[in-house]
Amino acid sequence: MQGFARVGSAIPAVRVAGLANNCERTLKLFERAHHDGLHVVTFPELGLVGYTARDLLLDRTLLEGALEALGEVIAASAQLAPLALVGLPLRTHVGVYNVAAAVQGGRLLGIVPKSYLPNYREFEERRWFRPGTEVGDGSLLRLFGEEVPFGTDLLFASTLPGLTVGVEICEDMFVQTPPSAALTSAGATVICNLSASNFLVGKAEQRKLLAAASSDRGKCAYVYVAAGPSESSTDVAFDAHTFIYEAGWLLAESKRFSREDQLLSADVDLESLEHERSLLGTFGDCASANPRAFRSMDFESQPLEALQRTFAPHPFVPKDPATLAARCWETFEIQTNALATRLSNVGAEQKLVLGLSGGLDSTHAALVCANALDLIGRPRSDLVCLTMPGFGSTADTQSNAEQLAHALHATFQRVEISELSREVLEAFGHPAGAGTVDELLARIRKDKALADLAFENVQARMRTLLLMSVANRERGIVVGTGDLSEKALGWSTYAGDQISMYDVNAGVPKTLIQFLIRWVANERITTWTDSDPAQLRQLLFAVLETPISPELLPPDEQGKIAQLTETALGPYELHDFYLYHFVRHARRPLRILGLAEGAFAGRYDRATLRRWLELFLRRFFFNQFKRSCTPDGPKVGSVALSPRGDWRMPSDADVSAWLSELASG
């Protein structure tokens with residue numbers, strides 16, 4: 001698949017000063033990397049001789065043997081595709097350097113020396129090595145009969161678009177200004193760190209913290225590899241720790257303390273990294289403010305035939321329970337504190353007015369409102385909940401709404417809108433509007449074509465009119481309930497439920513709302529002293545079991561919901577997946593489709609995924625005019641659609657190019 005590179009790390013079970021063993025194991029892992037389709041493979045620091053060779057690192061026999069081993073690796077690379085970064089000690093006329101040799105296609109592309117040599121605690125590298133910082137830019141070494149680029153000013157650029165590799169060696173990552181800062185500023189998208197790094201209790205987390213930070217700041221992938229436990233244990237121990245990060249996120253990690261040879265790999269999203277750098281203008285600002293010239297060494301790579309990486313089907317919902325709980329807590333705190341601040345600022349007597357339908361979004365908004373009032377010491381009675389049954393309302397949802405309002409100790413009011421809506425329909429001559437409400441419902445059941453857009457939307461606008469009127473009466477603000485997914489799809493009535501005075505759910509996708517309600521039911525309400533936790537929890541779980549529906553069409557003869565949102569609109573889990581990858585990462589339609597195939601394998605076929613992706617694109621573009629005048633609301637996560645913040649798009653943008661690309665594959 002285009003736009004991805006497969007990068008990895010290899011840890012051979014070395015023998016200290018065991019040149020033949022180390023070369024053999026390095027070559028076998030190199031071959032495995034080739035067969036596994038890697039573009040880049042990184043070996044440990046001084047891996048051809050063993051990091052713990054100590055004073056033998058100055059021994060002629062070891063140094064010449066290491067160079068011979070490198071020659072074998074170069075020769076073997078003629079038949080192997082990956083760029084291999086191999087660690088060894090290298091003698092020059094001024095001394096010995098701790099280096100990474102870049103090998104690919106039967107060529108030695110360049111030699112990168114370690115910049116910073118630790119000489120504290122158990123480390124004594126200055127005893128053997130010269131620092132790479134003393135090597136001048138543009139330097140060359142004569143090796144194997146050729147002039148080879150040598151220095152810290154090297155980048156390795158692949159023919160695969162977007163794949164440019166920079167090299168650090170162990171301690172380089174631990175200093176306050178690591179070489180990766182300049183490397184990424186100069187265009188490196190993958191940083192490879194050849195490390196030995198003996199293990200101490202707690203050091204694994206330190207390594208990961210530093211690599212995560214470097215990859216996040218540099219908007220790059222970071223491949224880190226440490227030596228394994230077969231290194232000398234005279235005074236220290238090693239844990240075979242290797243991992244791969246992408247823009248702050250862990251993609252893969254090794255089995256630590258394994259005594260077997262290991263090869264770890266992950267598919268890095270180069271296009272996403274490029275988008276992040278373009279999106280964050282400060283990345284370019286920093287690069288321009290800190291220029292450094294680098295030499296670029298070219299190597300050849302082929303695109304991936306198939307992607308091994310899978311993407312989470314629910315990108316807004318963390319899979320790990322602890323992380324999900326933390327996400328729910330943070331989201332709920334953002335929402336409630338934002339609403340509390342807004343309410344405090346608009347006046348001491350202002351109340352919250354909420355349309356409560358008994359569905360997911362309004363239920364969650366009610367919980368946010370109740371908690372916000374608690375935060376500022378206001379009575380829950382200052383939350384005025386209106387349930388406004390119309391042509392499609394069912395007894396179950398109305399009951400849920402009323403019980404929830406009472407359980408929260410909110411003020412409750414029921415206002416029927418069926419007759420009001422019928423009168424509006426009749427006023428402008430709609431064929432369904434004449435006569436009584438019962439006659440209207442009978443006509444609709446007989447001729448479903450009468451239940452057109454005007455029929456549906458008059459109810460939404462009537463509800464908004466009532467909410468605004470009650471807010472005026474109560475000196476309050478109308479709290480909107482629409483979520484991020486609905487805003488993306490335009491699943492709201494313009495000048496109806498699209499309008500409010502504060503949209504608390506504006507940043508929360510539909511797939512997360514369900515988990516938020518469940519989290520509040522299990523965690524937060526147990527701390528609410530003025531509610532019955534058992535009763536409220538039971539009500540919330542009843543809401544979670546209610547089908548998603550706008551309830552604008554009449555229920556069936558059994559009184560059940562007749563209009564299911566996901567039947568007409570498609571599964572929200574797909575739309576949230578599409579929204580995340582389209583807005584957050586600016587991924588192309590065919591790429592989104594390919595990622596969806598992997599994420600939802602066995603659940604949706606390609607034709608189904610394509611159908612709903614096309615609908616998503618059409619609705620997302622067509623409904624920008626609704627988002628262009630969306631009310632205030634708090635940003636919650638990395639995807640937001642406020643025209644005043646993250647998403648600025650013309651309302652008349654043409655979707656044709658995106659649909660054409662989708663149709664082409």
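**Helix and sheet packing in a predicted model**

Visitor: Across which strands does helix α4 lie?
Guide: This is a predicted model, in which local features need pLDDT of at least 70, side-chain atom pairs count only at pLDDT 80 or more, and totals for chains, interfaces and linings use all residues. Residues are numbered from 1 along each chain as its sequence is written, and side-chain values use heavy atoms, with hydrogens and water left out. Helix α4 (residues 203-218) runs at about 30 degrees to β13, where angles run from 0 to 180 degrees between N-to-C directions of axes fitted to C-alpha atoms, for helices over the stretch in contact, and contact means heavy atoms within 4.5 Å. Helices (H or I, at least four residues) and strands (E, at least two) are DSSP runs numbered from the N terminus, and α4 lies across β12 (221-225), β13 (242-246) and β14.

Visitor: Which strands are the edges of the open sheet?
Guide: The sheet has 7 strands in the order β14-β13-β12-β11-β10-β9-β16, with mixed pairing, two strands being paired if DSSP finds at least two bridges between them. The strands that pair on one side only are β14 (249-253) and β16 (295-299).

Visitor: Which residue in β16 is the bridge partner of A157?
Guide: Strand β9 (residues 154-158) runs parallel to β16 and is joined to it by 5 bridges. In β16, the partner of A157 is D298.

Visitor: How are α9 and α15 oriented to each other?
Guide: Helix α9 (residues 395-407) and helix α15 (residues 533-544) pack at about 150 degrees, with axes 10 Å apart. Angles under 35 degrees count as roughly parallel, over 145 as roughly antiparallel, 65 to 115 as roughly perpendicular and the rest as oblique. The two helices, α9 and α15, are therefore roughly antiparallel.
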